[in-house]
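Let us walk through this model together, looking at how its side chains meet. Please keep the sequence and the 3D view at hand as you read.

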Amino acid sequence: MRGGITEYDILFSCPNDVVELKHAIQECIDSFNNSLGKVNSIRLNLKHWSNSSFPQYGERPQGVLNKQFIEKCDLCVALFGSRFGTSTGEYDSGTEEEIKNMISQKKQVFLYFYDKSIEPSKIDIEQLGKVQEFKKNYQGLYAIIKSDGELRIKFLSDLMLYFINMNYKEAVHEDTVNLVRITDNLCEALRRRDPLDSLAELFEKATDSVQVAILKNLFKICQDVDIIDYNETLLEAHMFLERIAEINALKPQVKVCYDKVAQEIEHAFNIDCEELWQDSGCSD
């Protein structure tokens, strides 16, 4: 506990073939800290050997890492691709050892398997076989994801649901529930190109803090939707923003965020929104 904020260290555990997804995990944690975490005075800190360890002599490398920071972590997010990893001397891989040690301490493990296409010549059959065997024997729930964007959406949603259901079900702020519900529904609606009127109505009924959090997440949601035509995603996002402006007189702090997000979306996708609206037939 620091300054009224409860902090949790979350371990990122994975073999080297998916370590580049560390940035996606960090983005999820940043989004959590800036939304649900801020509402409920929680802060998550991501830990990984690349930035949480230092050179030290004394025993096998994994044992050193365990003592330096892994054993002190409160939660774990673990990810497998096509490789299982290198033996630690006690387990077939560091990721396996970290997962099993966390479970033995009755700590939460978010486990994901990244099912992506790989060139046959680059597949290590033995390594892939170990991943499949571990998945088969895992006594718990895990998720299979197929893209970076899906990982972002799934992990962020899982984090929110975990902390809602953890130790303070009764104390959790109503804003938290609304934020999770609207964010999840918005992700799905943008992916399916569903009408956004009902979500705009939910937005209107939310508190100012939830409205600001949703607007801040809107740009990231657009980036995480895995579709080919980003112009269409941009159009959907602008329709959502326009619908919000029609049904709700935005409070000053919400309006400031609204204007900034609209500018960020237009700039990031490098699209003239006026032309986009005219081409779509949505303009007057």
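The model is a predicted one, in which local features need pLDDT of at least 70 and side-chain atom pairs count only at pLDDT 80 or more, while totals for chains, interfaces and linings use all residues. Residues are numbered from 1 along each chain as its sequence is written, and side-chain values use heavy atoms, with hydrogens and water left out.

Staying with Phe110, what is the arrangement of its ring relative to that of Tyr162? The ring centres of Phe110 and Tyr162 are 5.7 Å apart and the planes stand at 80°, so this pair is edge-to-face. For reference, rings of Phe, Tyr and Trp (its six-membered ring) pair if their centres lie within 6.5 Å; planes under 30 degrees apart count as stacked, over 60 as edge-to-face and the rest as tilted. Helices (H or I, at least four residues) and strands (E, at least two) are DSSP runs, numbered from the N terminus. Phe110 has a relative accessible area of 6%, whereas Tyr162, at 23%, counts as partly exposed.

In total, the structure holds 13 aromatic pairs. Another of them joins Phe110 to Phe155, again with centres 5.7 Å apart and planes at 80°, so it too is edge-to-face. Because Phe110 lies in strand E4 and Phe155 in helix H7, that pair ties together parts that are 45 residues apart in sequence. Step back and you will find one aromatic cluster, formed by Tyr8, Phe32, Phe110, Tyr112, Phe155, Tyr162 and Phe163.

A ring can also meet a charge. Lys135 lies over the face of Phe113, at 5.2 Å from the ring centre; the criterion is NZ of Lys or CZ of Arg within 6 Å of the ring centre and within 35 degrees of the ring normal.

Now for the charged pairs. Side chains of opposite charge can pair when their charged atoms come close. The structure holds 12 salt bridges, each defined as a side-chain nitrogen of Lys or Arg within 4 Å of a carboxyl oxygen of Asp or Glu. One of them joins Lys116 and Glu20, with the closest N and O atoms 3.8 Å apart. Lys116 lies in the loop between strand E4 (108-114) and helix H6 (125-137), and Glu20 in the loop between strand E1 (6-13) and helix H1 (22-34), so the pair ties together parts that are 96 residues apart in sequence. Lys116 is partly exposed at 33% relative accessibility, and Glu20 is partly exposed at 40%.

Asp124 and Arg83 also meet in a salt bridge (3.8 Å, N to O). Here Asp124 belongs to the loop between E4 and H6 and Arg83 to the loop between strand E3 (75-80) and helix H5 (94-104), 41 residues apart.

Being 4 residues apart in helix H7 (residues 148-164), Asp158 and Lys154 are separated by about one helical turn. Asp158 is buried at 15% relative accessible area, while Lys154 is partly exposed at 33%. Elsewhere, salt bridges that share partners join Arg60, Glu90 and Glu97 into one network.

Key
Buried means under 20% relative accessible area, exposed over 50%, partly exposed in between (1.4 Å probe, protein chains only).
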